[in-house]
Amino acid sequence: MTQDPWHFARTALAGQVLGMFDTGLSSALTFFAPRRMGKTEFLRKDITPLAESRGWQVFYFSFLDADSRVDTAFVEGLAAFARGETWLARAGQMLDRISKVSGGAAGMEAGVEIRAGGKDDIKAVIHRLASTNGKVLLLLDEVQALAKPAHTSLVAALRTALDMHKDQVKVIFTGSSREGLRRMFSQANAPFFHFGQNLPFPQLDRGFTDYLAVVFEHITKQKLDQEALWRAFVDMGHVPQLCRALVERMALNPSLSLEQAKQALMQEVHEGRDYAQDWERCSALERLLLLMIAAGGAELYGVSMREQLARQLGVPEVAVSSVQSALRSLSRRALVFRAEERREYEIEDPVFREWLLTGQ
Ligand SMILES: Nc1ncnc2c1ncn2[C@@H]1O[C@H](COP(=O)(O)OP(=O)(O)OP(=O)(O)O)[C@@H](O)[C@H]1O
Ligand SMILES: [Mg+2]
């Protein structure tokens with residue numbers, strides 16, 4: 001399905017998702033997972049080809065590097081997609097353009113009035129999409145970038161339009177900052193409240209690392225211990241990008257052992273990411289909380305936990321409100337995330353967690 005030999009196909013998951021849309025069980029869903037966990041790869045290399053083979057018209061847009069012009073870029077991209085939809089739409093647009101040109105209105109967007117960034121545009125474009133015959137699937141990647149106040153009206157209009165046309169237009173959102181996404185989707189007053197289902201993006205299983213080992217052997221004609229590769233993947237926080245970088249590194253340097261390659265890779269990752277800087281910016285209390293959360297500590301407000309914190313900080317006591325405000329501040333900076341279902345804090349970035357656990 002894809003040209004990338006290292007890509008481990010997630011066909012079953014893609015099939016499940018499309019099945020939910022096809023049966024009408026669901027019209028929107030949100031996958032969240034930290035950075036580099038494979039969301040984009042899944043949308044582009046698994047969902048897109050499978051959906052297209054099942055007759056969906058697929059539109060992908062990433063809000064990742066979104067600047068202030070993102071509203072315009074998104075609406076224009078979607079409008080272009082709507083125009084290119086069917087032969088009929090294209091033909092209609094040609095006719096429009098011809099009549100406009102002959103009427104002296106050259107340069108105007110044919111058919112659709114694009115007032116970029118405005119509320120009505122996105123509604124008009126989605127309406128237009130929905131009125132073509134095909135099934136439409138929108139893949140909106142890194143959508144938490146829209147959580148900023150500047151995009152409130154776009155988000156509200158998008159929400160309304162998708163709601164109106166949910167039988168024809170299905171959507172998969174992804175986001176990497178779980179905290180940012182939650183702000184966007186779960187606040188009672190937010191437009192996307194209760195819109196679609198929020199699903200944790202499933203982690204890759206042993207099949208992934210076994211597959212990489214097989215590709216490695218095929219390319220290099222050398223053996224790679226599947227068990228050891230799986231353990232390295234788990235150690236590296238189940239981050240597929242790291243595992244793949246590890247295997248590629250060994251393919252380029254056949255004399256490296258798995259362990260050596262992993263050490264070197266993790267060192268580079270830590271240096272590149274500058275976790276030390278995040279750490280420097282934390283207060284003493286925040287640092288202790290980060291370490292506790294990384295280690296899987298629950299009951300952060302409990303008496304015994306607060307006593308322990310006070311002892312470590314050398315102060316008489318630590319109030320519940322101090323813990324609360326430290327956690328709020330860590331959440332705001334997207335360093336930690338509170339999993340709603342488990343009511344427990346987690347470190348957002350699995351590599352940061354590993355960095356904390358291995359003694360910074
Ligand atoms: N199914 C897969 N098979 C092989 N490699 C994968 C797979 N999924 C992810 N990867 C590897 O992990 C890398 C990161 O994946 P991807 O860019 O999809 O992550 P992401 O969750 O979208 O991250 P970001 O938040 O940075 O956009 C890919 O470039 C690829 O190297
Ligand atoms: Mg991505």
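This is a predicted model: local features need pLDDT of at least 70, side-chain atom pairs count only at pLDDT 80 or more; totals for chains, interfaces and linings use all residues.

1. Helix α13 (residues 284-294) packs against helix α15 (residues 320-332) at an angle of about 75 degrees, and their axes are 10 Å apart. Angles of 65 to 115 degrees count as roughly perpendicular, and α13 and α15 are therefore roughly perpendicular to each other.

2. Which residues in α13 and α15 meet? On the α13 side they are Leu-285, Glu-286, Leu-289 and Leu-290, and on the α15 side Ser-322, Ala-326, Leu-327, Ser-329 and Leu-330. Sorted by class, the contact of α13 with α15 has six nonpolar, two polar and one charged residues.

3. Helix α13 also packs with helix α16 (residues 350-357), here at an angle of about 105 degrees and with the axes 9 Å apart. That makes α13 roughly perpendicular to α16. Leu-290, Leu-291 and Ala-294 of α13 make this contact with Arg-353, Leu-356 and Leu-357 of α16. By class, the residues of the contact of α13 with α16 are five nonpolar, no polar and one charged. If you are clicking through side chains, look at Leu-290: it is listed in the contact with α15 and again in the contact with α16.

4. Next, please look at helix α10 (residues 240-252) and helix α11 (residues 258-273), which pack at an angle of about 125 degrees with their axes 10 Å apart. That makes α10 oblique to α11. The crossing of α10 and α11 is right-handed. From α10, the contact uses Leu-242, Ala-245, Leu-246, Arg-249 and Met-250, and from α11 it uses Leu-258, Ala-261, Lys-262, Leu-265 and Val-269. The class count for the contact of α10 with α11 is eight nonpolar, no polar and two charged residues.

5. Helix α10 comes up again at the ligand: α10 and α2 (39-53) each supply at least two residues of the shell around ligand 1. Which of the 16 residues around ligand 1 come nearest? They are Gly-38, Lys-39, Thr-40, Glu-41 and Gln-241.

How values were computed: Residues are numbered from 1 along each chain as its sequence is written. Chains are lettered from A and ligands numbered from 1 in the order in which they are written. Axes are lines fitted to C-alpha atoms, for helices over the stretch in contact, and angles run from 0 to 180 degrees between N-to-C directions. Helices (H or I, at least four residues) and strands (E, at least two) are DSSP runs, numbered from the N terminus. Angles under 35 degrees count as roughly parallel, over 145 as roughly antiparallel, 65 to 115 as roughly perpendicular and the rest as oblique. A crossing is left-handed if the near helix is turned anticlockwise from the far one by less than a right angle, and right-handed if clockwise. Two residues are in contact if their C-beta atoms, placed from the backbone, lie within 7 Å. Ala, Val, Leu, Ile, Met, Phe, Trp, Tyr, Cys and Pro count as nonpolar, Asp, Glu, Lys and Arg as charged, and the others, Gly among them, as polar. A residue is near a molecule or strand if its C-beta atom, placed from the backbone, lies within 6 Å of it.
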